[in-house]
Amino acid sequence: MSRSRKVLVAAAAAACLALVAGCSSTGSASSTSATDADAFTYALITPGAAGDGGFIDSAIAGTELAESELGVTGRVVEAESVSQQEGVIRSTVATHPGIIVAPGLDPDSLLAVANENPDQLFGVPSDIFVDELPENVQAFAINVHESSYLGGYVAGSLSETKKVGAVLGIDNPGLNQFFYGYKQGVLAACPDCTVTPSYLNGEFSDPSVGQEAALALYQDGNDIVFAVAGLSGQGVFTAATQEGKYAIGVDSDQDSDAPGTVIVSVMKRVDQTTYNLIEAAKNGEFESGFVSAGLADGVSGLSWDDGSTVFADEGPEALASKVPALKTEVDDLKQQIIDGSIEVCDALNDPSSDACAAVGLEG
Amino acid sequence: MSIVSSEAPRLELRGLRKYFPASGVLAVADVSLEVAVGEVVALIGENGTGKTTLMNLLFGVHHADAGEILIDGRPVVIRDQQDAIANGLGMVHQHFELVPSFTVAQNVLLGREPRKRGLFDNAEAERRVARLAEETGLAIDPSRRVADLPIGTQQRVEILKALAADARLLILDEPTAVLTPSEADELVAMVRALAATGRSVVFISHKLPEVQAVADRIVVMRKGRVVGDLRRGNASDAELALLMVGREVLLVADRNEGAAGRPLLEVSGAVAPPTDEGGSGLRDVGFTLRSHEVLGIAGVSGNGQDELIEAIAGLRPLDAGQVSLEGVGLTGSSPARVRSAGIAHIAADRMHVGLNLDASLEENAASTAYRSRRFSRWGVVRKGLRRRFAERLIADYEVRGASPTRTVGSLSGGNLQKIVIGRELSGSPKVVLANQPTRGLDVGSIEFVHRALSAARRDGCGVLLVSAELDEILALSDRIAVMYNGELIGPYDRFEVDRERLGQIMARGKEL
Amino acid sequence: MNAFVDFLNSGIRLTTPILFAAIASMISARAGVLNLAIESKVLAGAFVGILVAAGAQNTTVGVVAAAGAGAVIGLLLAFADRLGVDLVVLAIGLNILVLQLTVYLMRSYLGGVGTFSPDLDPIPPIVFPGLSELPVVGPLLARLNWIVYLGFVLVVLVALFFRTRSGRHLIAVGEAPIAAASAGLPVARTRLWALVAAGAIAGIGGAYLSVGDLGLFTRNMSGDRGWIGITAALLALNRPAFILPAAGVFGFASAASIRLQQIDVPANLTQFIPQGAAFVALVLVGIRSTSRDDLTRLWRNSSRLRLRKRLRNPPPDPARASSAPSGAGSQTPDEHDRTTHH
């Protein structure tokens, strides 16, 4: 009798401790201030714990911005495994928030619950890979290929070895959207450059593996590596620092993660789209369907546009001195992309385009 | 034979007493005992008579309330096992305490390994153990892995381990329980040889023949007291048994005569693969069991007995052959169907197969028939019926220390077997499969089991009795068959065979 | 040729943390504990290591602290073991707890969300004068710091330890605790030290990740290396002679999956290499039924009632003894029956 009891106690104790820690880790985001009964509410369901250094943290930042700017309240719910997600979405629906923001969840679960609850608004701040959306779902598609093109152009302009690389978390259309835009940008600046990808088996939180992958690229003669691998990207920066080479960051402004080594960051503003979704729902401007957002909306772009001068200030003189002129060129290219005079390969949504064929993507 | 000198006895116990206040049990009551140098003393008694408590006092597991322990005439205080070992006591348990992946030498010298340059010196260890084996006449290869050795040899390793710790008094707890008959004979010879080197031995057992063979003196315990202290040859088996149980025991169960009746269980052409433990499977086994009959299956364990019983009980599929009860085919039936057809099964392994030790007595008592109308209505177990049945079982079968709601794990082997038998016989079975029903039981419990089986036979059951004890087979059976290497030889009528003839068949699979 | 040497060099680095985890798992297993908390020890080592190293501005102090952090978790397991808590359940809880705790502490006190990147130079690689300039040897030994070499030395030390008297006692305790106890070996203390040592070693493996190479900490940075280490130890049949190659299988598979992409092996193929290696390794282990027995025996040993209570503090009276499971040698059945003679 005593043994089974002890097992239970141990399990319960461990579970409680884990819960305490787990709750606290999201506590700062969910600690809502004023509980105005009429205040607009949101719920953010994330497919993992805060602290991914990527879109989850970014979405949480968006909700925090919405709380302070719009006076809304809400909470963050984690649904770590796909099997939990449907249940978590359902129980969240039962609390009737004004909008449920759901980045990166299993699309089948999300759409199933959305279809059953037509009165509940859902917002997807970045990328849901389905063909059609129900009336109550709005999803952002962020044009990261465009900003990656600009990042690639910077890399192609600054590469001395005429070889640049990219470390990507996994080989899928979502990440290839970054890579082929980047590649096209590199070749636009430097037609005889080579661009080499290195994929990490889906390891998005293993900097040690990112470091080895980047090291392999640097040893192969590449001097700039684009890190599109979540936390594993930190290892790319380390390798660049150790080898005296350079890197390009992704998602958020990572320029100061390795000052003087990270040249620029390709931004994917999930915080912005999260904020936009909550704002639209609050103001009754919610529109269903896909919303394509990119350079023109400030949802994608380069960290330089947000005023980052870390590399210009701390990078080696030979390269840093080129930054101001390069920034002017990049601004010009950005305008051409917005105009439509430059078509950038979109490996996610339009892989069979001419632009993609030109950079070697087999649609 | 033995060297009984005039020096102080190797071990002397003076007025040892141990009382367990919580249960109010006086486990050891004023026991005085001497073991001389080079003497073999057999300590016999039923289970629960204080033999083990006495040994636990010697090994510091318990501490005596009163009395003295003297070793070589010197009073000693034994706080724990290490004290006991330091005082020259050595114990060989029924369950060996060996490290399976270590060699003989590594086991024997565990805790006192020789070293060379800081590392374990295996060569030296093997030399030392070989020397010790030679000195004591316990032949063994020190470099063999213990896991690869037969049980009898493993026991030898245990003995050597005690001797390597300089044990001058060796206690062997039920040493032959795990041995084959020939290994048991070897053990007796070894013990005599050790005694000849001046070491003393206490031999705990309840098998009377081997006790008579090995001991210089036989000490009988009952209810915490020494009730007999006899020199070898001064008492017959029957007298010893009487001392142990305090009443007359039927060493030979009464076989109430009466012709066997109609055929009940028929097995034909049964073929089965061996058990995982390395049995020999079944090869074309066939026989008929009749009512009012005990059919004894003799044979050395592992010759297909378990496979046969399990195949009939529905626990093991047959590759070929038929099983039927009163003409109704049961081949490949589930255990539940076999039971409801009227076949009761007293499993060899009462600890794991026969009972659930973590469940209460009433749950165990009803476990094979909880769906019958005896215990349930409309599919719901009726606890009242079950409780009354359990209470009756406790009373009828004299299950000591039991209550319906307590878990049965705390009961002794004999009482556990009473529960199994009470349960199995209560459903008025037609056939009883009894696999090793008395293994590990004390004399009183054995007598009880024998009476229960005889009663079942008198009531018209057919009893299929598998036993490794030839005497038990001979005492109870109307007909006797022998299993050898998966084949059934016989059956013979009880009066056609005797011990010697059966022994030959068991050993060779045929007669000379 | 150079690419191949670079591959080997990368494989050595990727093997190192796995090797530490594997050694930790092996020591625990040999002491009779199925230690599933290695992952949390690695992670705790990585976290505490960088924290202390940053605070003290000294990587060596950080590594020592990481070993201490792992040892504390080992100590925790040992005490839980003594209380009779199921270690398998506890270990799984610990793995979750440490992961969440590091994230929580990072958020609350270190300002970082996913990454803690203090101002700290990671441990510098060891440069052998003369050797480093040689063509093959130089690149092979480049970028390897002292923790890498410590891993190799540790394998030899553990192999030697298993041949000492104490090492033999550890193995006996793990394999047959009752036999060990009856031979006078301190079973509980041996297990405690084994768990503490295993914790410290796993902690150093974690420190290699954070302090040793990257100079930063990220959420869940152990990245299953604790589990891979357990697998590697199983693959090595918990023998020191095989532990280095077994850990190497996983480290080099990981390196291969990265490096082969440079010679245009498609990524969808190279992605399969680490998983494939793990799968093949586990199948090999599975085929050896003896090692499966080892595993199940370990499982049983690690989660069964502690024998110490029976051997050291035998129940004072038979009434209470009767509630303990049988099988403690021969002392129990006799007393149980005593009550029946009333």
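In chain B, of the contacts (heavy atoms within 4.5 Å) between residues at least 6 apart in sequence, 67% join residues at least 24 apart. This is a predicted model, where local features need pLDDT of at least 70, side-chain atom pairs count only at pLDDT 80 or more, and totals for chains, interfaces and linings use all residues. Residues are numbered from 1 along each chain as its sequence is written, chains are lettered from A and ligands numbered from 1 in the order in which they are written, and side-chain values use heavy atoms, with hydrogens and water left out.

Colleague: What makes 56% of the residues in chain B buried?

Modeller: Buried means under 20% relative accessible area (1.4 Å probe, protein chains only), so 56% of the 512 residues in chain B fall under that cut-off.

Colleague: How do you know where the domains of chain B lie?

Modeller: Bounds come from an automatic or database domain assignment; here that gives domain 1 (11-245) and domain 2 (263-508). Six residues from each of these two domains of chain B take part in their contact.

Colleague: What is the area buried between domain 1 and domain 2 of chain B?

Modeller: About 500 Å², with 58% from carbon and sulfur atoms. That's the accessible area (1.4 Å probe) the two parts lose on being put together, summed over both.

Terms used:
Buried means under 20% relative accessible area, exposed over 50%, partly exposed in between (1.4 Å probe, protein chains only).
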